[in-house]
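Please take a moment with the sequence and the structure shown here before reading on. The paragraphs below move from the chain as a whole to some of its parts.

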Amino acid sequence: MPSSRRLKVTGLIALLTVLIIFYTTNGAKSTENSPFYTRTVEAIKGRQEADARNNVIAEERARSDRVEKIQKEHDVAVSAAAAEETDLVKLSGDAAKAAGVGAGRDKQRPLVEDLGEVAEDVKNTVLTDTDDVKPVAGRKTMSKGDKVVQTKPEGASNDDGVAKVGNVAAKASNALQDKPGPETEEEHAVESELNDILKKGPIIIFSKSYCPHSKKAKHILLDLYSITPPPYVVELDQHDLGPGLQAALNKMTGRRTVPNVLINGKSIGGGDDIAALHTEGKMVETVSSMGGKRVVEVKLKEEAEAGRTEVKFKA
């Protein structure tokens, strides 16, 4: 028969076991429901949410600073180009001839940048001199035989690539000489729209959404290269004045097909020409030299460096 001491010890152990089981089953629930525990959990969640919000705000602020910096650089470049073109408005006679435009003529009409003056001049003037060339957004039209010089030849003037007097071949054709007389409302609308488009940026891609060659050119310029400001794309098949714009581009650059890529008003060709510049490694040099101060930055993206030798693009 067990002794009384052993019975007491056994009873004490049993009591402690019951108390431990009771505490573990009910104590945790009472702790979670206590005000202190609830306030602590809420404070921890609030701190985590605040940190997350601060991280999002910091990221947005950094992104906004980067965008603002790029925009300021672009504005400075555009302002410098506009100032140079404004100075060229004062050129006349011998000054225009010395700049490389107006060879064979004693006088050359100054370029007019302001669209209101262009529209008024178109309405009130009948072209009587077939040697005159109608300016488009401060740029002269190019004949079908003109070709863009991709590299700067020796002895050439300090051309910063901005479309202005001296950047266009002297034998430019008259954009409207096939239709003498006052222009129609549709022609005026096309001219105004083309002026607005050419001022969107230094690089304009005239494209059609369903054209595989256009998709190839856009893929190269938009996906494989980082250009600031980015090229501006005009889908002619989705534009109300698409046929008129395509006809005007034919008179201006000698190219009717798409894509037609313009840098400061000069055509550098279509999809095959863009692919050739890319594979030959001449894209950065061409865009920089022809874009001048209006192109802030142009570089090949790192992920496209390995595939530059051949463009594989599936329309």
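What follows is a walk through the chain, its sheet, its helices and its salt bridges.

This is a predicted model, in which local features need pLDDT of at least 70 and side-chain atom pairs count only at pLDDT 80 or more, while totals for chains, interfaces and linings use all residues. Residues are numbered from 1 along each chain as its sequence is written, and side-chain values use heavy atoms, with hydrogens and water left out.

The protein chain contains 10 helices and eight strands, where helices (H or I, at least four residues) and strands (E, at least two) are DSSP runs numbered from the N terminus. Of its 315 residues, 35% count as buried; here buried means under 20% relative accessible area, exposed means over 50%, and partly exposed lies in between, with a 1.4 Å probe and protein chains only. Among contacts (heavy atoms within 4.5 Å) between residues at least 6 apart in sequence, 75% join residues at least 24 apart.

Within this chain, four strands form an open sheet with mixed pairing, in the order β5-β3-β6-β7; two strands pair if DSSP finds at least two bridges between them. The edges are held by β5 (232-235) and β7 (266-269), each of which has a single partner strand, so one side of each is left without a neighbour in the sheet. On average, neighbouring strands of this sheet are turned by 25° against each other, direction ignored; axes are lines fitted to C-alpha atoms, for helices over the stretch in contact, and angles run from 0 to 180 degrees between N-to-C directions. Strand β6 (residues 260-263) pairs with β7 in the antiparallel sense over three bridges, and I263 has K266 in β7 as its bridge partner.

Helices also lie against these strands. Helix α7 (residues 242-253) packs on the sheet, where α7 touches β3, β6 and β7, and its direction makes about 60° with that of β6. G242, which belongs to helix α7, is buried with a relative accessible area of 1%, and its C-alpha atom is separated by 9.5 Å from that of K208, 34 residues apart along the chain. Helix α6 (residues 212-224) lies across β3 (203-207), β5 and β6, and runs at about 155° to β3.

D272 lies in helix α8 (residues 271-279) and K216 in helix α6, so the pair ties together parts that are 56 residues apart in sequence. D272 is exposed, with a relative accessible area of 52%, whereas K216, at 17% relative accessibility, counts as buried. Another salt bridge is formed by K218 and E235, whose closest N and O atoms are 2.6 Å apart; this pair links distant parts of the chain, with K218 in helix α6 and E235 in strand β5, 17 residues apart, and both K218 and E235 are buried.

Conventions
A salt bridge is a side-chain nitrogen of Lys or Arg within 4 Å of a carboxyl oxygen of Asp or Glu.
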